[in-house]
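Subject: Handing over the structure

Dear colleague,

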Amino acid sequence: MASPFVMRINDTVYNVDPRTLSIAAQLPDGTVVAVMPPLYPAQDFKFIDDGPDARAPHWTDSAGHDLVLTVEGNALRLSITGKAGEELAWDLPPTMDGTWLVPDGEGMAFTVDDPFWKAAYANAHCMGGTTALSFPAWSYLTETRAVTYALGDGLQSKLCLHDQAGLQGQLKHEFGPGAEKIELLFSIRPPAPLAPALFYREVLKGRGQFKSFADKAVPDLPRLFGAPHAYVWGDGRDLAFLDDLKAFGIDRILLAYDQDERTGKFVVTPDYLKKAAGMGYLAGPYESFDNGQPAATADTPVAIWPGDLYPKGCVIEADGKPKTGFANRGCYMSTEAIARYPGPFIPGQRYARHIKDGVSHVFIDVDAFGDFFEDHSPDHPMTMAQDRANRLKRLGLAISEYKLVLGSESVTAWATGVTHYSHGTAQAHSAAIWPMHKNPNFGGYWPPERPPMFFRPLTPRPDEARALFGASDRLPLFEAAFHDSVVAADRWEFGLMKITGEERTRFARSLLYGTPTMWNLDRRELARVGPWLKAAEDDFRQAHGVGAPVALTGFRWLTPDRLVQEAAYADGRVLIANFGDVAWQELGPDCVRLALPGQVATDLCPPAAPSAFR
């Protein structure tokens, strides 16, 4: 019978059984914690002798996987190398109580025995390590510890949850090109709600992979800090709209627009961009390199490509057919086909054209979300790893060469080094987003001057409201990992005024987390909600200033129902938000108490409700 490998990290002793891959940790007080249950029944293994100086246990299992056990910082690291096409499915230790801390978007606290979440996960649901998980780490929290897990790279890995007498977890990985090896890191940490975020941040910093705003500096970047975000529609693209903003006293704002110059009644012009820049605003377009359509019938100019790049540049699936694009529109364009296309690099040409118009930022849809493709075309074959590399290159180009402030959709960890802001990462529990779109009252894209999807308020059912915005279930995990690297906001279709009944709570959460509010505006809507926009900017500025964001370092629940929450920042600021229905220590519902070092605390509350939408 083989002895387990024993690895001591500080005061914790890990025992790893090479026959089954079970992992247990013995704590200083003698408590033994199950970290990973057996992956398979006991089997033979072959020890690999790496020489007299080798300190890392190295072996192969009966299936031919290559395994190495090492220490990285304060964590145990296990790497498993497999063959392309193989799949790994490894249950996490069974749970009956406690809480899963998961960076599902901004972050979620899933109570294991909560009937609401048990029902939500009656069928298993998986979150991709480069997509729904804003970074590939999570924890199982109890009153005494946080058993914490991280992946060195989330490519082709998933965390899955399902109900079986409580929420149970499972890790899945598909071995393939660029994902031949999975690196698992384990750490037993104090029982803190931010455990997975702070652990993952340590890992990134230890590997030299963390990029702060200073590492991605461009001339207009300071205008991003402290600015609310807004998409402008219809006459929001008129010069008079900028005057309206100034009349409300808006000093900083990021203005974005998705327009079709071929058909649009209202179009942002270079004069608009010049005036916005002169007022201290960031202004720039929605852009996308993801979709291709025939030029004669394309529903957006960003889907039109030169020469024969469409349709020859479509992603080709294994059956030889083009991969149909989002919402059954055209096809998904291959990043490899775009990269190989002869002549000047097309994304670079688009960046240059936008700069010539006078933009100061660009929002690139899809690219940073982390949904990668295999391309089976013989003309531009591509693995998922190469797709990711291509996206990193063209995103990074906007910053390094064109000096643009750059944003993208639902930025996750792998893309934080090449983006400044994200539209979507501040949203939590992504599985609840797309079902909302199926609600007939959610609205669509027509008419383009004032799309109901972005303007018409929607009253959610109680279960929808909790799944999307429930305060007791949410955590600032992405902020704890990346607050001083990426400015995170909500998705564009979930502006602050979109979901009726959640406006005050979301206003308060914006202040607590330091995540700016999202808006959809034309002149009429600005006249209605302008006082809220002004309050959002002023209160955010008072709470977080207008300098580069600093790290979010602490978070705790102050009441058993988790509705009074405290966040702490590296510069000593402490904010407390009351998401309850009654006052807490004289702090009103949906109000935030700001305590700056050496100053008297100030309470910040949402303004009076705006007039009815029309």
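Strand 11 (residues 108-111) is covered on both faces, with Met108 and Phe110 buried on one side and Ala109 and Thr111 buried on the other; here buried means under 20% relative accessible area, exposed over 50%, and partly exposed in between, with a 1.4 Å probe and protein chains only. Helices (H or I, at least four residues) and strands (E, at least two) are DSSP runs, numbered from the N terminus. This is a predicted model, in which local features need pLDDT of at least 70 and side-chain atom pairs count only at pLDDT 80 or more, whereas totals for chains, interfaces and linings use all residues. Residues are numbered from 1 along each chain as its sequence is written, and side-chain values use heavy atoms, with hydrogens and water left out.

Strand 11 runs antiparallel to strand 10 (residues 99-102), and four bridges join the two; strands are taken to pair if DSSP finds at least two bridges between them. Threonine 99 stands opposite threonine 111 of strand 11. The two strands form a hairpin with five residues between them, and glycine 105, in the turn, has a positive phi of about 75°.

An open sheet of four strands has the order 1-2-3-4 with antiparallel pairing, and its edge strands, each pairing on one side only, are strand 1 (5-9) and strand 4 (32-36). On average, neighbouring strands of this sheet are turned by 25° against each other, direction ignored, where axes are lines fitted to C-alpha atoms, for helices over the stretch in contact, and angles run from 0 to 180 degrees between N-to-C directions. Strand 1 is joined to strand 2 (residues 12-16) by five bridges, the two running antiparallel, and valine 6 has asparagine 15 in strand 2 as its bridge partner. In the loop between strand 2 and strand 3 (23-26) lies leucine 21, which has a positive phi of about 70° although it is not a glycine. Leucine 21 counts as buried because its relative accessibility is 0%.

Turning to the helices, helix 3 (residues 239-247) and helix 4 (residues 270-278) have axes that come within 9 Å and cross at roughly 15°. The two are therefore roughly parallel to each other, since angles under 35 degrees count as roughly parallel, over 145 as roughly antiparallel, 65 to 115 as roughly perpendicular and the rest as oblique. In this contact (heavy atoms within 4.5 Å), Leu239, Phe241, Leu242 and Asp243 of helix 3 meet Asp271, Tyr272, Lys275 and Ala276 of helix 4. By class, the contact has five nonpolar, no polar and three charged residues; Ala, Val, Leu, Ile, Met, Phe, Trp, Tyr, Cys and Pro count as nonpolar, Asp, Glu, Lys and Arg as charged, and the others, Gly among them, as polar.

Helix 3 also packs with helix 14 (residues 523-544), at an angle of about 20° and with their axes 10 Å apart, which makes helix 3 roughly parallel to helix 14. Here Ala240, Phe241, Asp244 and Leu245 of helix 3 meet Arg523, Leu526 and Leu533 of helix 14, and these residues divide into five nonpolar, no polar and two charged. Helix 13 (residues 503-513), for its part, is mostly covered, with 10 of its 11 residues buried, and just after helix 13 glycine 514 takes a positive phi of about 75°.

A cis peptide bond joins tyrosine 310 and proline 311, with omega about 10°, and proline 311 lies in helix 5 (residues 309-312). Another cis peptide bond joins tryptophan 446 and proline 447, with omega about 0°, and proline 447 is found in the loop between helix 9 (433-437) and helix 10 (452-455). Serine 410, although not a glycine, has a positive phi of about 45°; serine 410 lies in the loop between strand 24 (405-409) and strand 25 (421-423), and counts as buried because its relative accessibility is 11%.

Best regards
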